Amino acid sequence: MPAPPRPDTSALLDGRPRRLLIGGRWTEAASGATFPSLNPSNGERIAELARADARDADRAVAAAREAFEGPWSRMKPRERQTLLLALADAVDEHYDELRHLESLDMGLPIGRPRSGRTPAWEAEILRYYAGWATKIHGETIPNSVPGSVFSYTLKEPMGVVAAIVPWNRPVSNAVWKIAPVLATGCTMVLKPAEEASLVAVRIGELLAEAGVPDGVVNVLTGFGEEVGAALVAHPGVDKVAFTGSTAVGQEIVRTSAGNLKRLSLELGGKSPDIVFADADLSRAVPGAAMGVFYNSGQVCCAGTRIYVERPVYDEFVEGVSRFAEKLKVGDSLDPATKIGPLVSAEQLDRVTAYLDLGPKEGVRTASGGRRLETGELAKGYFVQPTVFADVQDTMRVAREEIFGPVACVLPFDTPEEAVARSNDTSYGLAGGVWTRDVGKAHRMARELRAGTVWVNSMLLMDPAVPFGGYKMSGWGREMGQHALDEYLDVKSVWIDTD
């Protein structure tokens with residue numbers, strides 16, 4: 001089947017540096033500095049972006065504050081709902097373009113084109129929160145104070161949000177933050193990852209097309225240690241919503257103490273995926289494999305520790321290894337590609353270091369295990385999808401987040417053992433269970449210390465279902481009704497009517 005025509009992204013990739021969005025205007029960085037965006041499939045420069053610093057953070061926070069205290073705060077819930085629906089329509093209309101930019105800039109395989117008018121998942125997130133915009137309310141609370149005293153609560157937007165997002169899913173990561181911010185009436189400064197910023201710039205343009213008022217959403221491209229750190233420390237920021245590594249999340253906690261900002265942190269993981277002997281291996285093998293290899297393993301909730309019950313351990317290792325070897329690795333814009341590049345040379349170095357470490361620790365490399373450096377792939381940041389067998393829990397490859405397409409397969413003998421070993425980690429983002437026994441599935445779901453547990457599936461998401469972690473995998477939740485609470489303050493009101 002011939003490849004579908006590529007969306008026209010020439011306006012964004014015309015060679016001119018892409019500017020910052022501050023207060024509804026596109027402007028150069030205060031320093032005039034820029035930095036390149038590289039295509040990880042071939043290492044080529046595709047765009048130049050403004051490099052924001054603390055001065056630009058000051059301007060963006062001021063613009064967000066002005067919008068919050070201005071007409072945005074007086075906008076009715078139905079008006080915010082209308083804007084969210086308009087933005088959803090814009091994302092739907094331009095979704096192929098956004099996915100093209102995401103694939104080009106970050107390396108997520110483009111996949112097959114949408115059939116008919118299948119709604120974009122990110123547009124559905126915006127529509128979901130559009131529904132909530134008119135349903136945020138407080139409560140009347142009976143009290144026991146003597147006399148005629150009336151008490152009730154109000155739910156009010158927190159204010160200015162600094163949203164700092166990672167590079168692994170540029171479209172989703174931006175929308176996950178924008179949708180509840182607009183629904184609750186907050187304003188925001190969006191700081192995309194420097195490795196993949198083009199989608200955020202394009203979404204900034206779509207916000208204006210949808211009619212979102214100036215300053216409600218500002219977009220700053222640049223480096224975390226410069227503009228990201230400035231936003232976290234900024235006294236004018238009321239809340240930080242961060243998705244990224246646990247190490248950076250810890251630094252944000254320390255830095256935000258200056259004005260006791262509210263924080264929500266969606267952080268790293270080393271998620272277990274438990275395969276019982278009674279599982280349907282025809283489903284469990286590809287399901288568990290893609291629970292690791294999807295997006296070249298650059299997924300925070302990837303099920304990278306696969307615990308397999310001993311009677312089917314060898315069969316599973318053989319099956320997942322053969323599955324990995326059949327996955328096409330290639331250019332992210334090739335619709336046939338299943339495994340694209342890692343996002344950057346830095347990430348390539350990190351993952352290949354673990355590929356070298358595994359055998360030194362004593363693992364058996366059942367499949368993959370090296371960088372791909374032949375032909376066209378030599379220009380990009382490609383590694384083979386890798387299966388490490390006979391892994392032990394104490395090994396670094398089993399305990400540390402690799403963020404690459406590396407599956408660690410470990411045998412177990414009893415459900416109790418599988419739970420104990422799965423929970424023996426500082427992380428608690430997600431977990432998976434493969435079994436035909438519904439009772440066992442429910443027991444395992446209760447006993448795994450993780451924010452999400454998938455049964456006979458992996459990596460399923462829905463706008464209505466909350467997502468977030470236990471332990472060092474973060475604070476708070478994305479998506480669902482629970483995400484709204486991350487952007488709302490609760491005010492109690494007392495009225496003595498005597």
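Here is a walk through some helix contacts, ring pairs and individual residues of this structure. Keep in mind that you are looking at a predicted model.

Let's start with a pair of helices. Two packed helices are described by the angle between their axes and the distance between the axes. Take α5, which covers residues 121-132, and α6, which covers residues 170-184: their axes come within 9 Å and cross at roughly 10°. Angles under 35 degrees count as roughly parallel, and α5 and α6 are therefore roughly parallel to each other. On the α5 side, the residues that meet the partner helix are Trp121, Glu122, Ile125, Leu126 and Tyr129. On the α6 side you'll find Val171, Ser172, Val175, Trp176, Ala179, Pro180 and Ala183. Sort the residues of this α5 and α6 contact by type and you get ten nonpolar, one polar and one charged.

Helix α6 has another partner to look at. The axes of α4 (residues 95-106) and α6 also come within 9 Å, but here they cross at roughly 120°. From α4, Tyr95, Leu98, Glu102 and Met106 take part, and they meet Pro170, Val171 and Ser172 of α6. The residues of this α4 and α6 contact split into five nonpolar, one polar and one charged. Val171 and Ser172 turn up in the list for α5 and again in the list for α4.

A pair of aromatic rings is described by the distance of the centres and the angle of the planes. With ring centres required to lie within 6.5 Å, the model holds seven aromatic pairs. In one of them, the rings of Trp121 and Trp176 have centres 6.3 Å apart and planes at 65°, so this pair is edge-to-face. The two partners are 55 residues apart and link distant parts of the chain, with Trp121 in helix α5 and Trp176 in helix α6.

The charged end of Lys440 sits over the ring of Phe276, 4.4 Å from the ring's centre. You'll find Lys440 in helix α15, residues 438-447. With a relative accessible area of 14%, Lys440 is buried. Setting aside neighbours within four places in sequence, Lys440 is in contact with Phe276, Asp278 and Thr435. Elsewhere, the charged end of Lys239 sits over the ring of Tyr487, 4.6 Å from the centre of that ring.

Next, the backbone. Most residues other than glycine have a negative phi, and most peptide bonds are trans. Asn295 has a positive phi, near 55°, and lies in the loop between α10 (281-293) and β12 (305-309). Asn456 also has a positive phi, of about 55°, and lies in the loop between β17 (452-455) and β18 (474-475).

Ile339 is in the loop between α11 (313-326) and α12 (345-361). What is the relative accessible area of Ile339? The value is 0%, so Ile339 is buried. Leaving out neighbours within four places in sequence, Ile339 is in contact with Pro109, Phe293, Ser296, Leu327, Lys328, Val329, Gly330 and Pro385.

Leu13 is in the segment before β1 (20-22). At 22% relative accessibility, Leu13 is partly exposed. Not counting residues up to four places away in sequence, Leu13 touches Ile46, Ala47, Leu101, Leu104 and Leu198. Leu13 and Ile46 are 33 residues apart along the chain, and their C-alpha atoms are separated by 6.6 Å.

How values were computed
Residues numbered from 1 in each chain as written. Predicted model: local features only at pLDDT ≥ 70, side-chain atom pairs only at ≥ 80, totals over all residues. Heavy atoms only, no water. Axes fitted to C-alpha atoms, helices over the stretch in contact; angles between N-to-C directions. Helix = DSSP H or I, 4+ residues; strand = E, 2+ residues; numbered from the N terminus. Parallel < 35°, antiparallel > 145°, perpendicular 65-115°, else oblique. Contact = heavy atoms within 4.5 Å. Nonpolar A, V, L, I, M, F, W, Y, C, P; charged D, E, K, R; others polar. Phe/Tyr/Trp six-rings, centres within 6.5 Å; stacked < 30°, edge-to-face > 60°. Lys NZ or Arg CZ within 6 Å of the ring centre and 35° of its normal. Buried < 20%, exposed > 50% of the residue type's maximum accessible area, 1.4 Å probe, protein only.
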